[in-house]
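Reader: I am new to this structure. Can you show me how to read a strand and its surroundings?

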Amino acid sequence: MSDGLMAVKPIIGINTDFRPSRKEHAALSFVAAGYFDGIAASGGIPVILPPLADEDDLVRLLDVLDGVVMVGGSDLDPRRDGYMPHPSVRPMDPRREDFDRLLAKHVCARHMPVLAIGSGMQLLNITEGGTLFLHLPEDLPRAIPHKDPTDLAHRHALLVERGSVMERVYGDGEIRVNSMHHMAIDDVAASFRVTARAPDGVVEAIESVVEEWTAIGVQFHPEAETASALDAKIFEEFVIGITGEVPEMKLVA
């Protein structure tokens, strides 16, 4: 969408998780409210994207969007990228993964503004030619815990790079972010640079090095209830990256 046609508030698509029908419920698409609340509070208009099968329909949607948020969720299926399966992997539903991979392909081809979170960041990196660790406790035995099944509010420190969006979000001082993953970026695609790491070196944030491509990826979850007020500013920085203007922040009840 050209600058002349862009609305005052950018329209931002958000992909959804998918759960097939079960005895207790029909098939459904769903997304955590933190994603669309974060966009709305930062001056964007969120639009929910169901897992469409028709590529032409997706292209039509992207033509009217100003940006995309790729949400987190279950694991990407390693077999789709040539890896052997790992017993720790809990793949997302194939219908969602089919759509997510199609979405990522078109977002990257267009250099469309994108904020990718959790497995969304992992998929963004893969789509641009990067690789993944499938299970940190085995691939990096000396890594700090990045997931605690007994503590959904598990957090660890974050080390940010100067001159990055992450530095603008967090500034100086001690930073701690939520952590609930066992897969992570290994080789970083050439389109990105690392802008935050955990103390053990695990990649926690990436940003585009491609001119005029606003692309931000974070391994942690700024949309979650365990996020801090600073974490939520990542949505604001994403909207600024689309519009070039600082939005008027609104509180979401």
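Author: This is a predicted model. Begin with strand 6, residues 114-117. In a regular strand the side chains alternate between the two faces of the sheet. In strand 6, Val114 and Ala116 lie on one side, and Leu115 and Ile117 on the other.

Reader: Are these four residues of strand 6 buried or exposed?

Author: All are buried, so both faces of strand 6 are covered. Buried here means under 20% relative accessible area.

Reader: Which strands pair with strand 6?

Author: Take strand 5, residues 67-70. Strand 5 pairs with strand 6 in the parallel sense, over three bridges. Val68 stands opposite Val114. Strand 14, residues 215-218, also pairs with strand 6 in the parallel sense, over four bridges. There, Gly217 is the bridge partner of Ala116.

Reader: What unit do strand 5, helix 3 and strand 6 make?

Author: A right-handed β-α-β unit. Helix 3 covers residues 94-110.

Reader: Now a loop. Where is Ser42 found?

Author: Ser42 sits in the loop between helix 1 (33-41) and strand 4 (45-49). Its relative accessible area is 1%, so Ser42 counts as buried. A polar atom of the Ser42 side chain lies 3.2 Å from the backbone nitrogen of Glu236.

Reader: Where does pLDDT stay under 50?

Author: Over residues 1-7. The model has six contacts beyond four places in sequence for that stretch. Where pLDDT is low, the predicted coordinates should not be read in detail. For the chain, the mean pLDDT is 91, and 94% of residues reach 70 or more.

Technical notes
Residues are numbered from 1 along each chain as its sequence is written. This is a predicted model: local features need pLDDT of at least 70, side-chain atom pairs count only at pLDDT 80 or more; totals for chains, interfaces and linings use all residues. Side-chain values use heavy atoms; hydrogens and water are left out. pLDDT is the predictor's confidence in each residue, from 0 to 100. Contact means heavy atoms within 4.5 Å. Buried means under 20% relative accessible area, exposed over 50%, partly exposed in between (1.4 Å probe, protein chains only). Helices (H or I, at least four residues) and strands (E, at least two) are DSSP runs, numbered from the N terminus. Two strands pair if DSSP finds at least two bridges between them. A crossover is right-handed if, with the strands pointing away from the viewer, the path from the first strand over the helix to the second runs clockwise. A polar contact is a pair of N or O atoms within 3.5 Å; within protein, one must be able to donate a hydrogen and the other to accept it, and residues adjacent in sequence count only if both atoms are side-chain atoms.
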